[in-house]
Amino acid sequence: MAVSRRQKVEATVSHECQRKRSKRPNLNDLTTDNRQRTTDRFMLPLILSLLAISGISAILALLLEVADSYLADYGEKHILLNDQKDLVVEGGRPLLFTLGEEGIFIPSACGGKGTCSYCKVKIHEGGGPVLPTETPYLSPEEVKANVRLSCQVKVKEDLKVEIPEELFLVKEYKIKVERIEDLTPEIKGLHLKILTPEEGITFKPGQYVQFEVPKYKMTSSEEYRAYSIASGSEDHRSLELVITKVPKGAVTTYVHDFLKEGEELHMTGPYGDFYLRESDRDILMIATGSGMAPMKAMLQQIEAQKIQRKTTFFFGERTKADLFYMDQLEAWEKKMPHFTFVPTLSRATEEDQWTGEKGRVTNLIEKHIDEKANIDVYICGSPAMVESCVELLTKKGTPEDRVYFDKFE
Amino acid sequence: MIEIDAGTLFFAAIFTNNILLTNFLGLCPFLAISREIRSSLGLGVAVVFVMTCTAVINYLVYYYLLLPLNLEHFRYIVFIVIIAAFVQLVEMTVERFFPALYYILGIFLPLITVNCAILGASLFLIIRKYTLIQSLAYGAGSGIGWMLAIIAVGAIREKVQKSAKLPRGLEGPALTLIITGIMALAFMAFSGMIQIQ
């Protein structure tokens, strides 16, 4: 007690000295001699502080580095995938990234932050208990079926993992931006060329890719987001994406404000279970905004494969300026008599001189779709739109298992 | 410098000068993680541990390193860096050697790296010129006080969620802040017992 009290007296004294010292020098009447002394007074503490702070930080950094190499080194671990593929990996990192390094890409829209719940896999052995960061995204049935979020589970022991078979098809591609097209003031169309691998991408129209943009001033690391492919599946080397500007969105801001034609980037894919199912029922497509993308790909498939099912496409936008791909859709309408395209505007202005349908896509369902219609429904757009459409269709007697949708968060 | 024995200070930090309810420090994780008792407890234990240890470490660093070098004005930066490094170190150790413990409280550790209550406790013990023993008592007491508050709120929120139908505007942080306010009022009843600065 006594010792520390004395110390504190010293502390206050030295504090006061310092304050007095720093008040005294007056820059106007400094002789060379004085200036020399002032430099000492200012420079010495400055250098000392810098050294001390750097020293403390360096020691802590060193300590953490040493701890990291000893503590976070889990050595080599085995991951048995679908009982067939045995991977030997470096332990200690989240499963999502570990698998990514091995060339197996689990879909993830949030980039491993544990907020999108896309990266679900089944972990049958190892992996520890379900973490509180996962529980909000897992239903009790999923927990029972060993479903986990692969971005939250770290590889600390040997794991037995089950992933959907088609994810083995997922590859990483190097791409070049060939052309950037202004579809509407808010939406850009990206035309991409796949550089590697040679054979390009094989996908079902309606599926999506993860598009990665490099680190730039708004982000602290590479970011990737999911975008549906808007072009047909016949061309394996070139792709088209439709990207709506999201205020403050890391990836969309890059695409809209920084991306240049000729730039080379990376993407992975294809992902998703949103694609045309075979049946003899009529097809109803409903989309808003960039939900147009997978529909365009599917329509291209319908044209190429000469599918003769009666097809209706409801497309909702706010104003006429927000509509895009209209020429292509009108061309399809002329070419394919069984295809009907119905655009609707929810906020048509005077200048639009819009004579077509008005209101939201749900109004079109009310108006044009019969009770218990014999249809397969494909919906793509904002979660709110998708939910209200599904609710309305269910009310009209369409079985839920004939409604397929892709929500754009 | 206050003449107050460490035991009294310990209880004062829990009840009369609860760091959360009188100083309103560390509200962010308090609002985010108090949805149920289980996770409140996990976070609370993590805070107690980290606050006690960093109070002592920061005391030693301040009086044996910063003061002799006349660098006391750098205490904010130094304390933050030390707390961050300490939390990181504890997280790695726990994750490696005590996996069971890690699943209970380890995942909360990164959340409290930047918890202002922890930095607050370290700064208070400098401002109030506590001795090493007092600092230890104050750090532990503040941590336990914080834990007590978050567990109480966790329990109330759990109960409210199960039994009451809330107006939409009151859901989540809104009601939590009101509950916290009422709890702070209740804790003021203790304040006549001991006064610390």
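In which sense do strand E3 (residues 120-125) of chain A and E4(A) pair, and over how many bridges? Select both strands and you will see that E3(A) and E4(A) run in the antiparallel sense, joined over three bridges. Two strands count as paired if DSSP finds at least two bridges between them; helices (H or I, at least four residues) and strands (E, at least two) are DSSP runs, numbered from the N terminus.

Before going further, a word on what is loaded. This is a predicted model, in which local features need pLDDT of at least 70 and side-chain atom pairs count only at pLDDT 80 or more, while totals for chains, interfaces and linings use all residues. Residues are numbered from 1 along each chain as its sequence is written, with chains lettered from A and ligands numbered from 1 in the order in which they are written.

**Stop 1: the sheet of chain A**

Now widen the selection to the open sheet of five strands, ordered E2-E1-E5-E3-E4, with mixed pairing. At its edges lie strand E2 (85-90) and strand E4 (147-149) of chain A, each pairing on one side only. From one strand to the next, the twist averages 40 degrees (axes are lines fitted to C-alpha atoms, for helices over the stretch in contact, and angles run from 0 to 180 degrees between N-to-C directions).

**Stop 2: two helices of chain B**

Next, select helix H4 (residues 75-97) and helix H6 (residues 116-127) of chain B, which pack at an angle of about 135 degrees with their axes 10 Å apart. That angle makes H4(B) oblique to H6(B), because angles under 35 degrees count as roughly parallel, over 145 as roughly antiparallel, 65 to 115 as roughly perpendicular and the rest as oblique. Show side chains for the contact (C-beta atoms, placed from the backbone, within 7 Å): H4(B) brings B:Arg75, B:Phe79, B:Ile80 and B:Ile83, and H6(B) brings B:Ile118, B:Leu119, B:Ser122, B:Leu123 and B:Ile126.

**Stop 3: where the chains meet**

Finally, bring up both chains: 27 residues of chain A are in contact with 24 residues of chain B. On the chain A side, helix H1 (2-23) and helix H2 (32-71) each supply at least two residues, and H2(A) gives the most, with 13 residues. For the complex, the predictor gives an ipTM of 0.72 and a pTM of 0.54.

How values were computed
Contact = placed C-beta atoms within 7 Å.
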